[in-house]
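Subject: Structure for you to look at

Hello,

I am passing on the structure we talked about. Please open it and keep it on screen while you read the notes below.

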Amino acid sequence: MLDYIIVGSGLAGIAFSEIALENDKTIFVFNNQSQNSSRIAGGLYNPVILKRFSEVWKAKEQLDLLYPFYATLENKLGVKLDYKLPLLRKFYSAEEQNNWFTASDKPNLSEFLSTNLITKKWDAIPSPFNYGEVLFSGYVDTGLLLDSYKEFLLQKGLYEEVAFDYSQLVVNSDSVEYKNIKAKHIVFAEGFGLLSNPFFNKLPLDGTKGELLLIKASNLNLDVIVKSSVFVLPVGNDYYKVGATYNWEDKTNIPTEAAKKELTDNLKELINCDFEIIEHYAGVRPTVKDRRPLVGTHPLYNNVHVLNGLGTRGVMLAPAMAKNLFNHIENQMPLDKNIDIRRIKNFVSSFYQNE
Ligand SMILES: Cc1cc2nc3c(=O)[nH]c(=O)nc-3n(C[C@H](O)[C@H](O)[C@H](O)COP(=O)(O)OP(=O)(O)OC[C@H]3O[C@@H](n4cnc5c(N)ncnc54)[C@H](O)[C@@H]3O)c2cc1C
């Protein structure tokens with residue numbers, strides 16, 4: 001009997017697979033390509049919500065886990081994943097500069113917002129009011145992570161690329177059975193695909209579509225991440241990711257002309273050199289109304305679990321949320337009530353309505 005069946009191998013599924021393997025647990029992963037949020041993500045991590053000048057929820061705790069998590073994966077998979085790059089917020093006025101310096105005085109932001117005005121100039125970005133720098137930021141090459149991790153699991157015979165068929169799952173009191181596999185637990189980490197999961201589809205997963213461009217701009221010569229109405233993230237060889245859009249209505253993975261126009265218009269306001277669009281991606285972020293992850297154990301089955309709702313911040317949240325869930329299952333540690341699915345009263349009560 002295995003310890004875990006894991007459904008989904010995006011950032012959430014990989015983070016859980018990792019912590020399970022690290023603790024000598026046996027796993028088997030089912031994954032398909034129906035969702036692609038992790039694959040196409042910008043991969044940015046940034047401890048500050050710049051729009052509101054507030055600290056990302058539990059940013060410090062998440063960063064403390066993020067660095068060793070991706071470093072261990074780099075070693076194990078033999079690829080470079082974590083690029084620690086300064087993130088610069090472009091200022092458009094003296095007032096914006098002042099707001100930055102006021103924010104950088106706040107106790108919870110002072111360690112993340114540099115008080116040095118960045119006056120360095122990049123030819124293709126006119127910036128008379130200069131930039132503010134967010135510390136401890138960077139990006140993870142999520143596409144490479146997903147491909148390399150799949151390869152690693154395949155080599156160990158721990159992965160099948162197939163849609164998980166929920167109707168075939170048998171839940172016993174002390175195990176789960178799926179086709180010819182028996183395990184102590186099953187962890188569902190399907191991103192927005194959760195909506196097809198009969199065990200958890202009553203959870204309030206909203207989904208926010210995002211689109212992103214990969215461009216080539218030979219004269220941009222940017223060695224930092226720049227954020228204005230879009231972010232521009234250098235990925236090497238004159239290629240840049242430009243993103244991202246937010247759409248709360250459309251729940252498909254299909255790229256749209258409207259989003260492409262929004263991104264190119266915003267990009268043209270930021271840079272004045274030529275660029276060529278190489279790729280255009282779209283995916284649905286697994287967002288939740290209260291902006292907190294959906295983690296925990298099914299109200300009726302103590303061996304059926306969920307790891308989802310990573311929203312707009314999967315890179316930072318995945319290692320921390322996987323650790324919380326693992327400790328909850330293996331060491332009976334209580335989940336933070338902000339992430340525990342038991343906070344969703346309608347979801348829990350829906351299982352007891354007829355009793
Ligand atoms: C345009 C865009 C830009 C983004 N930029 C950033 C960023 O810069 N930084 C950041 O931190 N986050 C970013 N995000 C958000 C981030 O991508 C998500 O938080 C994260 O990827 C969610 O990971 P996940 O593993 O929960 O879901 P997913 O990545 O969706 O992975 C779920 C996996 O499960 C599989 N699956 C689903 N159902 C089944 C089934 N029945 N059987 C088998 N497999 C199944 C899916 O196909 C998929 O492979 C961005 C998202 C988008 C769309």
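The notes below cover the ligand and then the aromatic rings.

Please keep in mind that this is a predicted model.

The ligand has 37 residues around it, and Asn31, Asn32, Ser38, Phe164 and Gly311 come nearest. By class, this shell has 15 nonpolar, 18 polar and 4 charged residues. Several elements each supply at least two residues of the shell, among them helix H1 (11–22), strand E2 (27–31) and helix H7 (314–331). The largest share, 3 residues, comes from H2.

A backbone N or O atom of Asn32 lies 2.7 Å from an oxygen atom of the ligand, and for Ala12 the distance from a backbone N or O atom to a ligand oxygen is 3.0 Å. A polar backbone atom of Val315 is 2.9 Å from an oxygen atom of the ligand. On its own the ligand has 1000 Å² of accessible area, and the protein covers 96% of that.

Now the rings. The count comes to 24 aromatic pairs. In one of them, the rings of Tyr246 and Trp248, the centres are 6.1 Å apart and the planes are at 20°, so the pair is stacked. Tyr246 is partly exposed, with a relative accessible area of 44%, while Trp248 is exposed, at 52%. Arg285 lies over the face of Tyr246, 4.0 Å from the ring centre. Elsewhere, Lys80 lies over the face of Tyr83, at 4.8 Å from the ring centre.

Ring pairs also link a cluster of residues, including Phe28, Phe30, Phe164, Tyr166 and Tyr178. Phe164 is also one of the residues that come nearest to the ligand.

Regards

Methods: Residues numbered from 1 in each chain as written. Predicted model: local features only at pLDDT ≥ 70, side-chain atom pairs only at ≥ 80, totals over all residues. Heavy atoms only, no water. Phe/Tyr/Trp six-rings, centres within 6.5 Å; stacked < 30°, edge-to-face > 60°. Buried < 20%, exposed > 50% of the residue type's maximum accessible area, 1.4 Å probe, protein only. Lys NZ or Arg CZ within 6 Å of the ring centre and 35° of its normal. Near = heavy atom within 4 Å. Polar contact = N/O pair within 3.5 Å; in protein donor to acceptor, adjacent residues only side chain to side chain. Areas by Shrake-Rupley, 256 points an atom, 1.4 Å probe, with all protein chains shown as cover. Helix = DSSP H or I, 4+ residues; strand = E, 2+ residues; numbered from the N terminus. Nonpolar A, V, L, I, M, F, W, Y, C, P; charged D, E, K, R; others polar.
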